[in-house]
Structure formats: C-alpha cells, structure tokens
Amino acid sequence: MSEESPERILSNLRPGLIRIAYRMLGSVAEAEDIVQETAVRWLAVDHQAVREPAAFLRRIVTRLCLNELQSARRRREAYVGPWLPEPYFDPEDHDQADDITLPLMIALERLSPLERAAFLLHDIFGMPFDQVADIVGREAPACRKLASRARAHIQEARPRFAVDKDRGLELARAFFTASRSGDMTALRALLAEDVVAIADGGGRIVASLAPLVGLEAVLARHAEMARSFAIQPSQIIRYATIDGLPGFVTIEAGGTLQTTALDVIEGRITAIYVTRNPDKLRHVSEIGVQ
C-alpha cells in the first residue's frame, strides 16, 4: 500500500467517491452518507493488506449504493409528481468532471442497479471490466453485457451537442430575464417547439404535478407566472452549470430556494428542469447561496 496515511488516502479519493455515489443514487445527501460509511469501514481494515486503496474504496461505495438503490426505487414509486435528481454543481476542476448531464441522470433511473453500476464504472469512470466485475460481483463478460444493455436503453439521453459553457450561461441569463419580466416574445425565441418543462416539488412545495409539453403550454405557464413575479420578484443568487447544463439558483416567493437547469440543443432550450423540493436543496443552501 502507499506510504500515505489512510486518512490522507481517503481525503484525496473522497471527491471521486462522492461523484460515483451521486451518479449511482442521484442524491447528494445519500452520496455523502455512503462515503461516510465507506470511511468508517476503510479506517477499520488492515491497510497493509490492501494493495489498491482506490479500487478497494470504489468497491465499498458501489456495493453500498447497490444496496441503497433497492430501497430508493421503492421510495420513488411513491414520490409525488416528477422526480429529478438533486442538483449537482459541476466541479471547477475539469479532471473531476464527467460527461453525464441531467437528462442522462434521469435516463439512468430506467436501468437496473447492476446495469447502472456497470455503465457508470466502465463508460464514465473508465474502469476495465475486470475491475467492474470484482466490484459488482459478476464475471467480466456479464458486466460487458450489462453495460451494453445500459447503453442501448439510454442512447437518446447521451449528450450529443453540448453547448459551450459561456454560451450556455448566456442563454440562462436571457431565459431568466425573459421569464421573469414576462417578455413572451423574447422567451419564445429561446425555446424549441417541443420544449418540455419539469418541476420537482416532491409534494413538499407547489410545483406542476405533470410535465408541460410543447412551446405553447410552456409559454402559457410562464405568462401566468410572470404576473406573480411582478408582485414578488425572483432573486437571482448565481448562474451555474448544474449536472452539465446551464442554469441558475434563485429565491422565489415566500423565500423558496429553487434551481433551474436548461437543456440546450442547436441554440434552443429543449427542456427546463426546476427543482423546488427543499429536501433536495439542503446542500445548495450551504454552497450555492452566499
């Protein structure tokens, strides 16, 4: 094993472990809990017997996530309204980033836990299938099949035309201005004909219980909301890249914290993802509101 202390090894690997757990679970809070449990187990082992600490820790994290996904699926079956993953702010360090966007996170929900693990570990985090097999407890050929099935299921959600970061944030600013001012002409120019708007309130706070589909439906809803914004304006906190998408953090009427992420294809906004469930925004209040 490395001459570094177990604590230092864990500290260095922690961001990557959090990212694996978040991509598996779609929850920052659950990812942090998983990594905390991993830390407890790591500090209790005989470190001299561990040849590859990174592989050892990834194995623990992934197996804990696989266990957690069983109960998570049951909870989501009873979820009120559309479910969105907790917003995750992309790291400034590009080496810690990956190419998973929010639509892909939603698509991952359709996979079995093992398919999700095989796809993420191999296709996203670059692990060879022999390591994936050791982590998930299957043979390497079986893991190849799991990853292949996963790719087929989520092909449409893979990012195809990633918008430039600066251009994306420029569109986010234009969307915020148009939607909050009630400028429907400007808003119409930003949106695709088949735009979809999805809001996650989790039954905890007011949000649409079904997605809005199509340009006219989305415009009509924003025209309605603009009247409320005129009375109680939104407070912009910051613009940010959220799960690979341009977006922003706001405080809305009644002090409601909210994140908005925009999927942009060929210069038009094709999807609007709004997270309002306060249970999913606790980490945002800590790092996003300053």
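**A first look**

Modeller: Let's start with a pair of strands: β3 (residues 235–242) and β4 (residues 245–252) run antiparallel and are joined by 7 bridges. Strands here are DSSP E runs of at least two residues, helices are H or I runs of at least four, and both are numbered from the N terminus. Two strands pair if DSSP finds at least two bridges between them. This is a predicted model, where local features need pLDDT of at least 70, side-chain atom pairs count only at pLDDT 80 or more, and totals for chains, interfaces and linings use all residues. Residues are numbered from 1 along each chain as its sequence is written, and side-chain values use heavy atoms, leaving out hydrogens and water.

Biologist: Which residue in the turn of the β3 and β4 hairpin has a positive phi?

Modeller: The hairpin has 2 residues between its strands. The one with a phi of about 50° is aspartate 243.

Biologist: Which helix has the highest confidence?

Modeller: Confidence here is pLDDT, given per residue from 0 to 100, and the protein averages 89. The lowest mean, 72, belongs to helix α11 (residues 282–287). At the top, with 97, is helix α9 (residues 184–190).

Biologist: Is glutamate 156 buried or exposed?

Modeller: Glutamate 156 sits in the loop between α7 (140–154) and α8 (165–181). Buried means under 20% relative accessible area, exposed over 50%, and partly exposed in between, using a 1.4 Å probe and protein chains only. Glutamate 156 has 63%, so the word is exposed.

Key. pLDDT is the predictor's confidence in each residue, from 0 to 100.
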